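Have the viewer open and follow along.

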Amino acid sequence: MVSWEKVSSRILVGLMLIFILFPLYWLIITSFKTRLEVIGGVVFLPHKLNLINYYRPLFEDVYGAYLRNSFILSIAEVAICLPPGILAAYAFSRLKFKADNHFLFWFLTNRMAPPAAFLIPYWVLYTYLNLFDTLHGLIIINSIGNLPFTIWVLKGFIDAIPREVEEAAYIDGYTFWQMLRRILLPLLKPAIAVSALFVFIFTWNEMLFASLLTTSPAAMPLTGGLLHYMSQIWVNWSEIAALSVVANIPVIIAIYFLQKHIATALTFGAVR
Amino acid sequence: MSGEGKVNRRTWLQTVAAAIAGIAVGAAVGWYSKPAKVLEKIITSTVTKSTTVTAPGAATTVTVPGAATTVTKTVTTVPPTPAMAEKLREWWRKVTEPWRGKRIKILAQAWEPNYYLRDVVGPKWEKLTGIKIDWELTSNELVMEKEIMDMEKGTGIYTVTYDDQDMVGTWIRKKWVIDITKLMEERPELVEPGFDPNDIFCLDYCVDPRGHILTIPAEYYPKTYVYRSDLFESPDEKKAFKSKYGYDLEPPRYWDQVHDIAEFFTRPPDLYGWINACGAKAHEALGFDFFETWFPSCGVGGEGLSPYNRKLLPGWGINTETWSARTEYGGALDSEAAVKAIDWFLKLLKFAPPGIKGWIYVECAEQVAAGRVTQTVTYTQFLSTFANPKVSKIAGKFKVAMPPVDREYWTPFKPIGYADISGYCIPWCSPNPELGFLWSQFVISPLNELDRAKSINTTVRTSVLMSPELDPLNAKFGGIFTMIRDPIAQKYFIGTPLEVGDYAPLLYVFYTELAKAVSGELTPKECAKELAKEIDAKLKELGYPVKW
Amino acid sequence: MGRQVINPWLLFLPAFIIVGFNSFIPTFYAAYLATQKYTLGVPSIFIGYDNFFHLMFDPIFWDSLSKGFAFVFACLVIEIPLGLALALALHRDTRVNRVIRTILSTPLLIPPLVVGSIWLLMVRPDIGPIPYILRKLFNLNYDIGTSPFQAFFTTVLMDVWHWTPFVFLVLVAARASIPPEPYESAMVDGASSWDIFRYITLPGMKYGIMIAFLIRMMDALKIFDEVWVLTAEGPKKATNYLSIYIVKTALSELDMGYCAAMSLFFLYIVIIITFITLKVMARR
């Protein structure tokens, strides 16, 4: 006997799959259409697969450089966020110091602050410090959200590790740094991998700072470049679709690895 | 979750208190840095910067001002003979010698003309001079925002910036760009032998009141009426139109004719009768469209086809004596003509393809290229795209004509429309003003100008415009060259009035108010009234010497 | 642990310096700007708290704030029940369910900007499939440029597409944390499936729902990229959410002082919601 609930839940899941996948399908086929096909009307199946939309922007225009910048930026962001993040997370999780809860809250507010709020101050600050239009400037600014994120997520993971493990190490005469390297980091490996991937993706996705604080192919990442492309006078939608597909690739790969941890990470460790 | 992450009420209160203290500190800092000081800083830094610009090497060569111009007249042959071209190239190699290996950074709008400069002229320059170019091509609004930020703070990011002539009024008011005439007098050795200000026909809108050049124009695109010649010339359509409306189907002179034609050709979903240049989205473009096309062609603003000494700014309807846009103080933005302009805009919008209210120029030009509309008043920048069969269905099937006007309110000697004159200006804080000057000359150098005109249908030099070499292209681009070769027609397309000094904030008022008429919140009459009122308030806020 | 093995400040400082550099200077500068009448390009004048007074009486500001909350409300009303239903349908840890869960979570990490461009292509009246299908099937005009409601609804739909997977994954985790014993005893007692849902599942998932609710609320309030690309302020300012209004003030009106004042206000709203969220999280 098939129960009513089972049928309705199957239908729901089916509809949801269509709802989720159709826009992605549309994006992908748009990326294969010619310019005239796109503006000509609604076509559900392209006549042929047109790869020029991928080739031209990436290899004949500056978007290849933007893609490279995105990779450099995201990887560097992971490198700059993880070490201080691990240390601070340990401090918040295990040690007591003055006003620690205040600082923890303060970190989170930085993560939550609407980035639109500080555009102008950042512009002024960055031009004065000569950080404008540089990759390292963008790396620093992205850490305002990513470092608090790392701290909160890693703190949750460290909280879950029994303290006895560390205490045993200290009894064996380990210094703090030895303990960190030989005991804690190996235990935290999966947690670090997860937060690294998330930091990578958040940086990859960031648009507002990227589009305003960088300008040249030497520093601008793909999201910023894409926004600039969209605000141009004459737009080739199929190339925008192609670049969007390119921007999605690392993210969709990451989803495959991260699916189990998304809930934990995006709720700052509240749900696990 | 362990207990350590919790935040109690005291923590919360302390955080808020800290934040309030932060604001107080900020306020105190604000109090101490007096506005006068800031102004002084900007002025002094301008002065010091511009003197250092001219210092190196200026005194060594003694040349009579104006000598450079006399020299140029003899060589302005376009295209240059091979020998002359070689001589010019030699000149370029020599003059850029001191900067070899340097880089210049150009901020520009992402238009087809700039792609051409990036892809064709830029590499040529790099090969000739060994100076690399970093391009930053972005949207209109961002260009404005970024260059103002750069110039106000004096950061000196951009060697040279490219934008619409709209900003020249701002440069006059703020003195933020380098006076090119002065630079030419002080450094005559930097003036290309082929550079001739007298040969640039649209220079009038790029100078300050003394006639000094602030921007070297690089493109001239009037906003013209563009129509589907295949439809207009089809005998069947002609007959049907004549029997329905009683007059011949031809490019219209008046907006009511445009209305008839739009009605006649609206055959959804494949063909629509009308689209405007900038769509009707609540976006800056809506403001452009009004003071570029609708207000001037409906006679808002005073007479006068020369850029200066106008009491009432055409298109903008602002009285420059009282600095008011209201009729009771001599302005014209709430006049009947303005109401009529808004009315025409809304009436014709009904014949545009659905979706128009979410679009700006990008999508509107797409509609024309997709062959979905019969007639439009649009930027001629798009003509080279329309003429390219790879991306357009109307290649060879369109023509241009003078824009229509309102039968009642427009009178002769009032401007009809807008010419998009854009060019290069050198920020006062430019790291290499000389290079900026050289690049802006190179763009319109005889070496490049004719080729440029051929591929992107624009030129700023009379000698090139008149060149018979452009004749074969005339038909391809719908007759655009014939039209602007006529000196009188040329005069009827004006740039943004040079008295408009704070383009961006005023533009914001224009489009936010007009968007209310588009969405139906206000009737055209109410909208015009509110627009005039808001413009007045903004002018006062921006510190204009208002007399009302 | 009774002793401090290492000075906690030493561990804490690197992170503090990096985030502090990014946080303090801009915050103070924004506070400074908020006290100025400063249109970009016009020398600034000290005006004290006038910008905040202006904010108090600016109908557009309150309108955009209430539109923002309406947006948040609409998103949550759709996303939470939908996510809950999906979580209950797919919570069993079978192979098929795992695959479906991965497919359903695809939109979650897509760059917001790209989400905006996807939906722009989907809903354009001339080339988008959604208006096309609606026109063919129901003869319905779908035009986000004309209809304020449709513009608003499209942004909600976009958010539902983007973020329902998040709610769903959080709730799957919450469902998994309920022990099986109550269900077994309920089965023995012959309870109806509604009673099981009402008295076992829902109370067990209360915490997860709460967390999903609050975090979605914070993120939805801050929405910018997608809407900026899709409609910006929209017809009759229907999608003029606070971030959009702030950026428009900065980029179009060039009124930096007022922009800073609104930014600070916005920041406080977000801080308050963050604080409530932490309270809830800590209660567990």
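Asp133(A) counts as buried, with 20 C-beta neighbours inside 10 Å. The cut-offs here: a residue is buried if 20 or more other C-beta atoms lie within 10 Å of its own, exposed if 12 or fewer, and partly exposed in between, with C-beta atoms placed from the backbone. Asp133(A) also has a positive phi of about 60°, although it is not a glycine. You'll find Asp133(A) in the loop between α6 and α7 of chain A. Helices (H or I, at least four residues) and strands (E, at least two) are DSSP runs, numbered from the N terminus.

Now look at Asn130(A), which sits in the loop between α6 and α7 (135-160) of chain A. Its phi is near 60°, a positive value in a residue other than glycine. Is Asn130(A) buried or exposed? Asn130(A) is exposed, with 10 other C-beta atoms within 10 Å.

## How the model is set up

This is a predicted model, in which local features need pLDDT of at least 70 and side-chain atom pairs count only at pLDDT 80 or more, while totals for chains, interfaces and linings use all residues. Residues are numbered from 1 along each chain as its sequence is written, and chains are lettered from A and ligands numbered from 1 in the order in which they are written.

The predictor gives the complex an ipTM of 0.90 and a pTM of 0.87. For chain C, the average pLDDT (the predictor's confidence in each residue, from 0 to 100) is 90, and 98% of the residues score at least 70.

## Helix α1 of chain A and its partners

Two packed helices are described by the angle between their axes and the distance between the axes. The axes are lines fitted to C-alpha atoms, for helices over the stretch in contact, and angles run from 0 to 180 degrees between N-to-C directions. Helix α1 (residues 4-32) of chain A packs on helix α12 (residues 237-266) of chain A at an angle of about 125°, with the axes 7 Å apart. α1(A) and α12(A) are therefore oblique to each other; angles under 35 degrees count as roughly parallel, over 145 as roughly antiparallel, 65 to 115 as roughly perpendicular and the rest as oblique. On the α1(A) side the contact is made by Leu27(A), Ile28(A), Thr30(A) and Ser31(A), and on the α12(A) side the residues include Trp237(A), Ala241(A) and Val245(A). By class, this contact of α1(A) with α12(A) has six nonpolar, four polar and no charged residues. The classes work like this: Ala, Val, Leu, Ile, Met, Phe, Trp, Tyr, Cys and Pro count as nonpolar, Asp, Glu, Lys and Arg as charged, and the others, Gly among them, as polar.

α1(A) also meets chain C: its axis and that of helix α4 (residues 95-104) of chain C come within 10 Å and cross at roughly 35°. Val13(A), Met16(A), Leu17(A) and Ile20(A) of α1(A) make the contact with Ile100(C), Ile103(C) and Leu104(C) of α4(C). Here the class count is seven nonpolar, no polar and no charged residues.

## Chain A against its neighbours

In the contact with chain C, 82 residues of chain A touch 76 residues of chain C. Two residues are in contact if their C-beta atoms, placed from the backbone, lie within 7 Å. Which helix gives the largest share of the side of chain A that touches chain C? That is α12(A), with 15 residues. The side of chain A that touches chain C divides into 64 nonpolar, 13 polar and five charged residues.

The contact of chain A with chain B takes 25 residues from chain A and 27 residues from chain B. α5(A) gives the most to the chain A side, with five residues. That side divides into twelve nonpolar, ten polar and three charged residues.

## Chains B and C

Chain B holds 23 helices and eight strands, and 54% of its 548 residues count as buried. A cis peptide bond joins Pro268(B) and Pro269(B), with omega about 5°. Pro269(B) is in the loop between α11 (255-265) and α12 (284-297) of chain B.

Chain C has twelve helices and two strands, and its C-alpha trace spans about 75 × 75 × 30 Å along the principal axes. Of its 284 residues, 55% count as buried.
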